[in-house]
Amino acid sequence: MTDDSRALRTALAYHEAWTTKDLERAMSYIAADIVCDAPAGRIEGIDAYRAFLAPFLQILRDARMIAAFGDDETALMMYDTSTTPVPSAPGAECVTVKAGKIIYSRFLFDRAPFQAARQQPEPAHQPAVPAARGRGAGGDSADGV
């Protein structure tokens, strides 16, 4: 990593913002006409990108940077995230930066931990015990009927 890597500085600032769940600050590094190629398909425009990122921030617990490299126009970051459904969800982003904004992102992440978590059986719960139906102290039934 070099100190004069403008794209890397932008990418790291963006990463720090979203990993601390500061969606507004993270979005300040995203261009209005961003294009993001992600495992689920192409995302175009800042509103679609916000809709893509916001739900992930709700389940994010922690993130750890593995490596980051870049030059004046391109940066590559690899990291691991801990989320509510899975303890380890590695990902990588290769971004193109123009004028301090991310204009393109190629985003990859390991879907396998999330798929495995979805396939886990739901925890068994005890059936609800029906409330006793009877007369209250004032002569009315307990359920108001």
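**The order of elements**

The elements run α-α-β-β-α-β-β-β-β-α. That makes 4 helices and 6 strands. Keep in mind that this is a predicted model.

**The whole chain**

Show the surface next. The accessible surface comes to about 9100 Å². Carbon and sulfur atoms hold 55% of that surface. Of the 145 residues, 32% count as buried. Now turn to contacts between residues with a separation of 6 or more: 48% of them join residues 24 or more positions apart.

**The sheet**

Select the strands. In what order do the 6 strands lie in the sheet? Read across: β2-β1-β6-β5-β4-β3. The sheet is open, and its pairing is mixed. Residues 41-44 form β2 and residues 60-70 form β3; these are the edge strands, and each pairs on one side only. Neighbouring strands are turned by 20° against each other on average, with direction ignored.

Strands in a sheet pair through backbone hydrogen bonds, in a parallel or an antiparallel sense. For a parallel case, select residues 30-38 and 101-109. These are β1 and β6, which pair in the parallel sense over 4 bridges. Within this region, pick Asp37: the residue opposite is Arg106 in β6.

**Helix α1 on the sheet**

Select residues 6-19. This is helix α1, and it packs on the sheet. Which strands does α1 touch? The list is β1, β3, β4 (74-83), β5 (89-98) and β6. The direction of α1 makes about 15° with that of β4.

**The nonpolar core**

Nonpolar side chains tend to be buried together in soluble globular proteins. Here the largest nonpolar core has 26 residues. Show side chains for Tyr14, Trp18, Ile30, Tyr49, Leu53 and Ile102; they have the most contacts inside this core. At least two core residues each come from α1, α2 (23-27), β1, α3 (46-59), β3, β4, β5 and β6. Helix α1 gives the most, with 6 residues.

Centre on Tyr14. Leave aside residues up to four places away in sequence. Tyr14 then touches Ala26, Tyr29, Ile30, Tyr49, Leu53, Glu93 and Ile102.

**Ala89 in β5**

Move to Ala89, which is found in strand β5. Is Ala89 buried or exposed? It is buried, because its relative accessible area is 5%, under the 20% limit. What is in contact with Ala89 beyond its neighbours within four places in sequence? Select Tyr79, Asp80, Thr81 and Phe114. Then try the distance tool on the C-alpha atoms of Ala89 and Leu60. They are 10.0 Å apart in space, and the two residues are 29 apart in sequence.

**Two loops with positive phi**

Finish in the loops. Select Lys21, between α1 and α2. Its phi is near 65°, a positive value in a residue other than glycine. Lys21 has a relative accessible area of 43%, so it counts as partly exposed.

Then go to Ala99, in the loop between β5 and β6. Ala99 is not a glycine either, yet its phi is positive, at about 50°. How exposed is Ala99, and what is its relative accessibility? The value is 85%, so Ala99 counts as exposed; the cut-off for that class is over 50%.

Conventions. Residues numbered from 1 in each chain as written. Predicted model: local features only at pLDDT ≥ 70, side-chain atom pairs only at ≥ 80, totals over all residues. Heavy atoms only, no water. Buried < 20%, exposed > 50% of the residue type's maximum accessible area, 1.4 Å probe, protein only. Contact = heavy atoms within 4.5 Å. Areas by Shrake-Rupley, 256 points an atom, 1.4 Å probe, with all protein chains shown as cover. Pairing = 2+ DSSP bridges. Axes fitted to C-alpha atoms, helices over the stretch in contact; angles between N-to-C directions. Core = buried A, V, L, I, M, F, W, Y, C linked by side-chain atoms within 4.5 Å.
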